Amino acid sequence: MWEKKFKETGTMVRFADDLVILCRTKEQALRAIDVLKAVFGKLEVEMNREKSKLINLWDDKQGFDFLRMHHRKIPKKLKGNKTVSILRSYPSKKAMKSMRQKVKEATKPRNRLYWTMNQMVAELNPKIQGWKNYYGLDSFCRPVPKQNRLVHPKTPHAVLEQEAQPS
């Protein structure tokens, strides 16, 4: 329905019950909010006021979280000393906290002090690989290596070096 009737207002990106509408102007954004309120009213659904907000990406001060990713405008330098703005996505603070918690839960129990390195790797690999697969899609993404600091102190350095060498 949005694409047919309100496409000129903005582009809607939807996943399950979450959505974002990307508009070029504040007027379009305010119109999109009015349309959503009307549609939600007819469906007898309420908008979550804590999660719903109007964000201006062009002032370089804020971004927004959607699908566990934080989206914001950043400058990118081009040849000839020219700078353009692009939209980039990286793991949200909530997603980073969740990953840290999963690694802590996997490495914290005292009975795991006696685990072999292979047991610890077998426990952590699915978590780390899943994280990498979901968030590592963007080659520009910088925060993912920060999660490495969480794992490295908990594993012997020699094993990490050995794993990094090509077979």
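Helices (H or I, at least four residues) and strands (E, at least two) are DSSP runs, numbered from the N terminus. The model is predicted, so that local features need pLDDT of at least 70 and side-chain atom pairs pLDDT 80 or more, while totals for chains, interfaces and linings use all residues. Residues are numbered from 1 along each chain as its sequence is written, and side-chain values use heavy atoms, with hydrogens and water left out.

**The salt bridges of Glu123**

Keep Glu123 and Lys127 selected and show their side chains, which form a salt bridge whose closest N and O atoms are 3.4 Å apart (a side-chain nitrogen of Lys or Arg within 4 Å of a carboxyl oxygen of Asp or Glu). With both contacts in view, Arg112, Glu123 and Lys127 can be followed as a linked network of salt bridges, and the structure holds 2 salt bridges.

Switching to a surface display, look at how far these residues are covered. Arg112 is buried, with a relative accessible area of 19% (buried is under 20%, exposed over 50%, partly exposed in between, with a 1.4 Å probe and protein chains only). Glu123 is partly exposed at 23%, and Lys127 also counts as partly exposed, because its relative accessibility is 28%.

**The whole chain**

Zoom out and colour by secondary structure, which brings up 6 helices and 5 strands. Read from the N terminus on, the elements run α-β-β-α-β-β-β-α-α-α-α. Of the 167 residues of the chain, 26% count as buried.

**Two loops with a positive phi**

Which residue comes next in the loop between strand E1 (11-15) and strand E2 (18-22)? Select Ala16, which is found there and has a positive phi of about 55° although it is not a glycine. Most residues other than glycine have a negative phi. Ala16 counts as exposed, because its relative accessibility is 57%.

From there move to Asn81, placed in the loop between E4 and strand E5 (82-91), where phi is near 60°, again a positive value in a residue other than glycine. At 68% relative accessibility, Asn81 counts as exposed too.

**The largest pocket**

Finally, turn to the largest pocket, which has a volume of about 2,000 Å³. Of the 50 residues that line this pocket, select Leu19, Val20, Ile21, Lys53 and Phe64, the closest to its centre. A pocket is an open set of points on a 1 Å grid, where a 1.4 Å probe fits, with protein on both sides within 12 Å along at least five of seven lines, and lining residues have an atom within 4 Å of a point; its volume is the space filled by probe spheres set on the points.

Which elements each supply at least two residues of the lining? Select E2, helix H2 (26-43), E3, E4 and E5 in turn, as each of them does. End the tour on H2, which gives the most to the lining of the largest pocket, with 9 residues.
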